[in-house]
Structures are given as C-alpha cells and as structure tokens.
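Morning, everyone. Let me put the model on the screen, and then we will walk through it.

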Amino acid sequence: MSKKLRNHEEVVIEQLRNPEMAKAYLNTALEEYEQDGELAFFLEALRNVAEVREGITRLAGKTGLNR
C-alpha cells in the first residue's frame, strides 16, 4: 500500500496551525529581521500565519485595518 505524499504547502499549513510552531516561525522571522533589517521576510511570515490561522480578511475586520 503506497502512502500519499503531501506537498510542501500542505505541511507548512498544518504546522502553522499549531500555536507553538507558529510562534517559533514568527520568532525566527523576527530574529532574521533583527540581523539583516529586511522587513519583507518578517511581514511575509506574519501574513502566512494570519492566513492559516483565520485569514487576512477576517483579521483585517477584527483589527479595523485594511487587508
């Protein structure tokens, strides 16, 4: 019996649904930002977590900010 392989995106989504994994991911992105000053990587990590956790539109509505 062969096991179905999952793609990278499926694995990342599953991991980011775990609060501890999401926290570690964001901490790593923040450390990278502190080292090189490149904000784009941290913002993308933040977006990835927000999309997986509840979606950008819902988060924007809760915060009163634009998407």
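What radius of gyration does the protein chain have, and what would a compact globule of 67 residues have? The protein chain has 14 Å, whereas the globule would be near 11 Å. That radius is taken over C-alpha atoms, and the globule rule is 2.2 Å times the number of residues to the power 0.38. The C-alpha trace spans about 50 × 30 × 20 Å along its principal axes.

Quick housekeeping. This is a predicted model: local features need pLDDT of at least 70, side-chain atom pairs count only at pLDDT 80 or more, and totals for chains, interfaces and linings use all residues. Residues are numbered from 1 along each chain as its sequence is written, and side-chain values use heavy atoms, with hydrogens and water left out.

Now the layout. The protein chain has four helices and zero strands. Along the sequence the pattern reads α-α-α-α. Helices (H or I, at least four residues) and strands (E, at least two) are DSSP runs, numbered from the N terminus.

Burial next. Of the 67 residues, 18% count as buried. Buried means under 20% relative accessible area, exposed means over 50%, and partly exposed is in between, with a 1.4 Å probe and protein chains only. Residues 24 or more positions apart account for 30% of them.

Helix 2. Its 18 residues should span 26 Å at 1.5 Å a residue, and the end C-alpha atoms are 26 Å apart, which agrees. The expected span is 1.5 Å times one less than the number of residues. Ala22, Leu26 and Ala29 are buried there. They cover an arc of only 60° around the axis, so they sit on the same side of helix 2. That arc is the one of the directions from the helix axis to the C-beta atoms. The face turned away from the buried side carries exposed Glu20, Lys23, Glu34 and Gln35. Helix 1 and helix 3 are among what covers the buried residues.

Look at the ends of helix 2. At the start, a side-chain oxygen of asparagine 18 reaches to within 2.8 Å of the backbone nitrogen of glutamate 20. After helix 2 comes glycine 37, with a positive phi near 75°.

On to helix 3, residues 39-53. Its 15 residues should span 21 Å, and the end C-alpha atoms are 21 Å apart, in agreement. Phe42, Ala45, Val49, Ala50 and Val52 are its buried residues. Their cover includes helix 1 (8-16), helix 2 (19-36) and helix 4 (56-63). Glycine 55 follows helix 3, again with a positive phi, near 95°.

Which residues make up the largest nonpolar core? There are eight: Leu16, Ala22, Leu26, Ala29, Phe42, Ala45, Val49 and Val52. Helix 2 and helix 3 are the elements that give two or more residues. Helix 3 has the largest share, four residues. A nonpolar core here is a set of buried Ala, Val, Leu, Ile, Met, Phe, Trp, Tyr and Cys residues joined through side-chain atoms within 4.5 Å.

Leaving aside neighbours within four places in sequence, alanine 29 is in contact with Phe41, Phe42 and Ala45.

Then valine 52, in helix 3. Is valine 52 buried or exposed? Buried, because its relative accessible area is 16%.

Definitions and conventions. Contact means heavy atoms within 4.5 Å. A polar contact is a pair of N or O atoms within 3.5 Å; within protein, one must be able to donate a hydrogen and the other to accept it, and residues adjacent in sequence count only if both atoms are side-chain atoms.
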